[in-house]
Amino acid sequence: MKENKYDDPLFFEKYSQMDRSKKGLDGAGEWKTLENMLPDFQGKKVLDLGCGTGSITELLAKAGYDMIGVDYSEGMLGQAMEKKIGFIGCGNMGTAMIQGILESGKCPPQEMMISCRTKKTLEEKKAQFGVQISTDNRDVAAFADILFVAVKPQFYAEVLEEIKDLLTEEQILVSIAPGKTLVWFDEVLGRNLKVIRTMPNTPSMVKEGMMGMCAGARVTDEDMALVRDLCSGFSQTEVIPEHLMDVVTAVSGSSPAYVFMFIEAMADAAVAGGMPRQQAYKFAAQAVLGSAKMVLETGKHPGELKDMVCSPAG
């Protein structure tokens, strides 16, 4: 599968958003439908916005079509894109994102530049990742095609004021700050630029993140696909309306803290029963991990899965 430039692709998001719970893209009838669609794609580049292993991406690629595959699951294509990536800020979340993007092969180290306030931290990141570094945020803003602002929310206004005169209408600005709305960005920047709000979470540090995303008015489907593809190196993603971003902050952004407290409490109880602490953590954490996979992979309601554990009449 050759690398493609993103010019004049044929979008077919409607095909990739089929209700898999009712039919499933692997179903024989569904595959027949997809095969009948193949003539529609003759002579066109194809951008697939959100399929997984065994999806229409795979079908079209096997048939020899000129593909731009954007796959947000374990089957993702992992091709490097012709974009320069910038990160302002490289704390825990920023570092997790940087590492995921680089390890996925979607951006070579020389095509990424990061900045933060301390030279020592930057030198450590350069040694770890081989990326370009600068203590000047303006260097990164001028360098990047896709710019991630990964500082703490209280520093966003200061950083944007510092770099806003360098930002162009073609750059994509990606925010990870809770509570900073798209309107807020327009007001601070003084104009309407391409802004994507995201809400990642700390499991991104082990490439098991969950990220909600919403786009400003100037962001195209292609822009969103590019950013989702980048983020697939460390997180699953879902595009949502902006009014749900605060909900995402609660349900996935902050909820790992509650899960950690739950694991800690179960482990404490196991230790009180005589189990060594490290062993107790493993039992508790694996139970949570396995339970989450059952929800995601079986498609069963959590209540039904709960009933499978509970014995009738106690």
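The model is predicted, so local features need pLDDT of at least 70 and side-chain atom pairs count only at pLDDT 80 or more, while totals for chains, interfaces and linings use all residues. Residues are numbered from 1 along each chain as its sequence is written, and side-chain values use heavy atoms, with hydrogens and water left out.

- Leu244 counts as partly exposed because its relative accessibility is 31% (buried is under 20%, exposed over 50%, partly exposed in between).

**Cavities**
- There are two cavities of 30 Å³ or more (sets of points on a 1 Å grid where a 1.4 Å probe fits but cannot get out).
- The second largest cavity holds about 40 Å³ of space.
- Its lining (residues with an atom within 4 Å of a point) includes Leu147, Gln171 and Lys194.
- By class, that lining of the second largest cavity has five nonpolar, two polar and one charged residues.

**Second largest pocket**
- The second largest pocket has a volume of about 700 Å³ (a pocket is an open set with protein on both sides within 12 Å along at least five of seven lines).
- Of its 29 lining residues, Gly89, Gly91, Ala150, Val151 and Lys152 are the closest to the centre.
- Helix H4 (92-103) and helix H7 (156-163) each supply at least two residues of this lining.

Technical notes
Buried means under 20% relative accessible area, exposed over 50%, partly exposed in between (1.4 Å probe, protein chains only). Grid points are joined across faces, edges and corners, and a volume is the space filled by probe spheres set on the points. Ala, Val, Leu, Ile, Met, Phe, Trp, Tyr, Cys and Pro count as nonpolar, Asp, Glu, Lys and Arg as charged, and the others, Gly among them, as polar. Helices (H or I, at least four residues) and strands (E, at least two) are DSSP runs, numbered from the N terminus.
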